[in-house]
Amino acid sequence: MSFSFTAEQEELRQLVRRFCEEKSSSEHVRRLMDSDDNRDDKIWSQMADQLGLQGLSIPEAYGGSGFGPVELGIVLEEMGRTLLVAPYFSTVAIAGQTLALSDDEAAKQRWLPGIADGSLTATLAIAEESGSWELDSVETTAAQAGDEWSLTGTKMYVLDGATADLLLVVARAGDELGLFAVDGAAAGVTRSKLDSVDLTRDLGRVELDGVSAVRIGSGDATEMLVKATDLILAAFAAEQIGGAAKCLEMAVDYAKIREQFGRPIGSFQAIKHKCADMLLEVESGKSASYYASSVVAAGDHESSIAAALAKAYCSTAFTHAAKENIQIHGGIGFTWEHDAHLYLKRAKSSELLFGSPARHRERLADLVGI
């Protein structure tokens, strides 16, 4: 299996990098953090209309470009570098990929075109009060009356859950696990934004009190949701390693210009070692991320193994890079006004989202039979 990117994929990376660096400056990120908005509408429209990013991984039959997890990983890696504040991950990487995986043609025709053209935001709700992302921990119930379904339960840590137009909710329907679509503004839905360490990303609490829902697909959805989880984890690892790479760049750039005892601090062995360790972890994380994107794109039998490994490794690498970046910046880094702290808070939040590194290492051990 080749891990090199094609010329078109490299062109996509450069295009998205230029866009993110221009549109997601530190000042812009901080302005959105201090507001109640989780996106800039003008930038969101440009992403959809001019770059086609929302439709990148949506099949062409539903208004998208028909690319896959590898191209989506490239986009998310670049967005992670600049901490882009937008409901892109929740809408495209989570809800879009999950809907595209389902066998419900009507559901795909109904919602995927809206995601592709940027007119619809969406998310997936799995975790509940326990904080677990395991499918067997789901307690939200789905009741059927004729052709109608209603959901009752509470979902936690829902990415952009307080604002998403469409909520994809995992719930129990008797002995089966089902996926249900809920209008974010439906009667019986109560949504609130949770306090979070990372102010660049919104997490929500969603309470469902007999809410009318549309079941997506038929039969038990566990197998489909496991595949969707692999896609989400691979995409998330790409975003994390993008953030880690940016921390490394910030640290190296500062080490070149900050002088101590008449010489750049980067010339001291202690700083060299820190940067070398960060480089090793970032490059290793990229390998894990790119491999995960490749195998989930191919539907390889190692998808779950690669996704768990990538999430565990990139979580740890991002947090370590963010901490070392602050250390190398010394006194100037120990203030909220410096961007180094934005990356640390994003890294710590991302470390636990969708499961901790320890949980994914445990899952990896189970998958390989250790």
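1. In this predicted model, the count of aromatic pairs comes to 6. One of these pairs joins Phe-5 and Tyr-290, whose ring centres lie 4.8 Å apart with 80 degrees between the planes, an edge-to-face arrangement. Phe-5 belongs to the segment before α1 (7-23), whereas Tyr-290 is in helix α8 (residues 269-298); the pair therefore ties together parts that are 285 residues apart in sequence. The two partners fall into separate accessibility classes: Phe-5 has 21% relative accessibility and counts as partly exposed, while Tyr-290, with a relative accessible area of 18%, is buried. The cut-off between these classes is 20%.

2. A further pair consists of Phe-89 and Phe-236. The ring centres are 5.2 Å apart and the planes stand at 70 degrees, so this pair is also edge-to-face. Phe-89 is located in helix α5 (residues 88-101) and Phe-236 in helix α7 (residues 222-257), and the pair thus links distant parts of the chain, 147 residues apart. Both Phe-89 and Phe-236 are buried. These two residues also belong to one aromatic cluster, together with Trp-133 and Phe-354.

3. Two arginines are placed over aromatic rings. The charged end of Arg-13 sits over the ring of Phe-5, at 5.2 Å from the ring centre. Phe-5 accordingly has a part in two contacts, the one with Arg-13 and the edge-to-face pair with Tyr-290. Arg-263 lies over the face of Phe-268, and here the distance to the ring centre is 4.2 Å.

4. Turning to charged pairs, the structure contains 26 salt bridges. Among them is the bridge between the side chains of Glu-21 and Arg-81, at 3.9 Å from N to O. Glu-21 lies in helix α1 and Arg-81 in helix α4 (residues 69-82), so that distant parts of the chain, 60 residues apart, are linked by this pair. Glu-21 has 45% relative accessibility and is classed as partly exposed; Arg-81, by contrast, is buried, with a relative accessible area of 6%.

5. The Glu-21 and Arg-81 side chains are members of a network of salt bridges that also includes Glu-10, Arg-13, Arg-17, Glu-77, Glu-78 and Glu-249.

6. Two other salt bridges may be set side by side. Lys-23 pairs with Glu-22, and the closest N and O atoms are 3.6 Å apart. Glu-22 counts as exposed, at 58% relative accessibility. In the bridge between Lys-274 and Glu-324, the closest N and O atoms are 3.2 Å apart. Lys-274 is in helix α8 and Glu-324 in helix α9 (residues 303-329); the pair therefore ties together parts that are 50 residues apart in sequence. Lys-274 is partly exposed, with a relative accessible area of 26%, whereas Glu-324 is buried at 12% relative accessibility. Helix α8 thus carries Lys-274 of this bridge and Tyr-290 of the aromatic pair with Phe-5.

7. A remark on annotation concludes the note. An unreviewed UniProt entry places the feature "domain: Acyl-CoA dehydrogenase/oxidase N-terminal" at residues 6-118. In the model, the chain over residues 6-118 is 65% helix and 0% strand, and its end C-alpha atoms are 27 Å apart. The annotation may be inferred rather than shown by experiment.

Notes. Residues numbered from 1 in each chain as written. Heavy atoms only, no water. Phe/Tyr/Trp six-rings, centres within 6.5 Å; stacked < 30°, edge-to-face > 60°. Helix = DSSP H or I, 4+ residues; strand = E, 2+ residues; numbered from the N terminus. Buried < 20%, exposed > 50% of the residue type's maximum accessible area, 1.4 Å probe, protein only. Lys NZ or Arg CZ within 6 Å of the ring centre and 35° of its normal. Salt bridge = Lys/Arg side-chain N within 4 Å of Asp/Glu carboxyl O.
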